[in-house]
Structures are given as structure tokens and as C-alpha cells.
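Dear colleague,

I am passing on the structure below, and I would be glad if you kept it open beside this email while you read.

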Amino acid sequence: MRILCLSVVLVGAASFAHAEPRDITANIWADNWFELFVNGEKVAEDSVPITTERSFNQETVTFSADLPMAIAIKAMDFKENDSGLEYIGSRRQQMGDGGLIAQFMDAGSGALIAVTSANMRCLVVHRAPLDRACEQSEDPVAGEGSCAFLEADVPSNWSDPGFDDSDWAAAVEHSESDVSPKQGYDEINWDETAQLIWSEDLELDNTVLCRLTVLN
Ligand SMILES: [Ca+2]
Ligand SMILES: [Ca+2]
């Protein structure tokens, strides 16, 4: 048993010693806003504030990272307050929906390294409203009745490479027609394996944390 453990440690050390930083280009589109962390470090943030109406845009960023790398994306659908609604009090009052797609390529060769898909794991940290009837409320008050909400703690080390996300749910892939991605999405030539993801519910789940570990 002791010998087995030793060999595992040596293999781990050897692969770590050979890890070299790679320049990576990422395309990211989020409805409505995102932060990207790689190996626990924030490398990009959506440049259009989430409070901007129709904050739809793609971001293309290049960064250097050691592989294996942990990709961690915080994605937020806009909500006016904790009711989860937007355009509150107007005829357009609605829940609003989210959506996220990203792809990662070698900055030099363009070779695909990673994409968003059901291979990611996501944790919902804000859900509202808990009852869709809130959308029709004439006086929607966050936390009351159908407009109740759930807010979970964000694990402090959730973007770290060693974070255990094994109890997070698999990301759910959503169709273009369900997400109806807007401005910026069409500016990118998405690889056919890159999928629009979110949790299961594009409307009720407003903030999701998603992770993927890329081995090489
Ligand atoms: Ca939205
Ligand atoms: Ca929403």
C-alpha cells in the first residue's frame, strides 16, 4: 500500500514539473454578465456592466495558464432585485433569462482546448422568483409570497484548481432557440462542440458558478 501511494505522488510530481504556461484565447458570451477565473486567478470580466439594459456582448481575451487548468465562470442573469424580475412595474415586467457559452483555444495554433458543455459542473447560488406567479404580481416584493428567493453562499475557494465540485450538478445544455442569444454571439465562429449552458432553469436561476478542469 505504501509503495502504491508513493508511485502516485511521483506521477503527480512528474506531470507538474512538465507543466508549461500556454497562451490561451477565450471567447465568452453571457446573458448577461460573467467573470472568468483560471487556476483560481481572475483573468477576465464582462466589460459591459450587468446594469446596462440589453448587456449582450462577447468578450475575447488572451491569457497565460499552466495546464492542467481549472476554468471557473461566474455567470449572472440580470435581475432588478432579489425578486428575480426585471422591468418591474412596467408592461414588460418579466423574469428574464440567462445563458453562457465559451470556447478556449491555443492562442498560437488556434487548436481547441476546451468548450462549455454538459461536461462542466454548475452550482446555482441565486434563484428567484421561487414561484413563476411572481412575474404576474402587481406588487412584486422580493422575499414575499411567490417572489421568495434562495441565495446560497459562494464557497470562498470555488475557483481553485483543488476545489471539490463533485457534488455540483452537470451543466445543462440549452438550444439556441431557447436562449435566443443576442448581440455579440454572431461575431464568433463557435466550434460545433461549444454549447450554450446554464443550470436546468434559464429563467429562475439567476447566478450560477460553473467549473471545468482541462487536463491538456
Ligand atoms: Ca437576461
Ligand atoms: Ca432570471
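**What was found**

The secondary structure of the chain comes to 2 helices and 13 strands, where helices (H or I, at least four residues) and strands (E, at least two) are DSSP runs, numbered from the N terminus. Please keep in mind that this is a predicted model, in which local features need pLDDT of at least 70 and side-chain atom pairs count only at pLDDT 80 or more, whereas totals for chains, interfaces and linings use all residues. Residues are numbered from 1 along each chain as its sequence is written, while chains are lettered from A and ligands numbered from 1 in the order in which they are written.

**The chain as a whole**

Along its principal axes, the C-alpha trace spans about 65 × 45 × 25 Å. Of the 216 residues in the chain, 35% are buried; a residue is called buried if 20 or more other C-beta atoms lie within 10 Å of its own, exposed if 12 or fewer, and partly exposed in between, with the C-beta atoms placed from the backbone. Among the contacts with a separation of 6 or more, 73% are between residues 24 or more positions apart, and two residues are in contact if their C-beta atoms, placed from the backbone, lie within 7 Å.

**The cores**

In soluble globular proteins, nonpolar side chains tend to be buried together. A nonpolar core is here a set of buried Ala, Val, Leu, Ile, Met, Phe, Trp, Tyr and Cys residues joined through C-beta atoms within 7 Å. The largest one in this chain has 40 residues, and those with the most contacts inside it are Ile73, Leu100 and Cys210. Several strands each supply at least two residues of this core, including strand 1 (21-31), strand 2 (33-38), strand 5 (69-76), strand 6 (99-106) and strand 13 (205-214). The largest share, 7 residues, comes from strand 5. There is also a second, separate core of 7 residues, which includes Leu85, Cys134, Cys147 and Leu204.

Which residues does Cys210 contact, leaving aside its neighbours within four places in sequence? They are Ile73, Ala75, Met120, Arg121, Cys122, Ala171 and Ile197.

Met120, found in the loop between strand 7 and strand 8, counts as buried because it has 27 other C-beta atoms within 10 Å. Not counting residues up to four places away in sequence, Met120 touches Ala171, Ile197, Cys210, Arg211 and Leu212. Met120 and Ala171 are 51 residues apart in sequence, yet 5.3 Å apart in space, C-alpha to C-alpha.

Leu36 lies in strand 2 and is buried, because 24 other C-beta atoms are within 10 Å. With residues up to four places away in sequence again left out, Leu36 touches Ala26, Ile28, Val43, Ala44 and Ile73. Leu36 and Cys210 are 174 residues apart in sequence and 9.8 Å apart in space, C-alpha to C-alpha.

**A hairpin and an exposed loop residue**

Strand 2 and strand 3 (residues 41-45) pair in the antiparallel sense over 4 bridges, and two strands are said to pair if DSSP finds at least two bridges between them. The bridge partner of Val38 in strand 3 is Glu41. These two strands, strand 2 and strand 3, form a hairpin with 2 residues between them. Asn39, in the turn, has a positive phi of about 50°, and Asn39 is partly exposed because 18 other C-beta atoms lie within 10 Å.

Is Glu20 buried or exposed? Glu20, in the loop between helix 1 (2-17) and strand 1, is exposed, because 8 other C-beta atoms are within 10 Å. Glu20 and Ser64 are 44 residues apart in sequence and 9.6 Å apart in space, C-alpha to C-alpha.

**Backbone details to look at**

Most residues other than glycine have a negative phi, and most peptide bonds are trans. Besides Asn39, which is not a glycine and has a positive phi, Tyr87 has a positive phi near 55°. Tyr87 lies in the loop between strand 5 and strand 6 and is exposed, with 12 other C-beta atoms within 10 Å.

A cis peptide bond joins Leu67 and Pro68, with omega about 0°, and Pro68 is placed in the loop between strand 4 (58-66) and strand 5. Another cis peptide bond joins Ala128 and Pro129, with omega about -5°; Pro129 lies in the loop between strand 8 and strand 9 (150-151).

With best wishes
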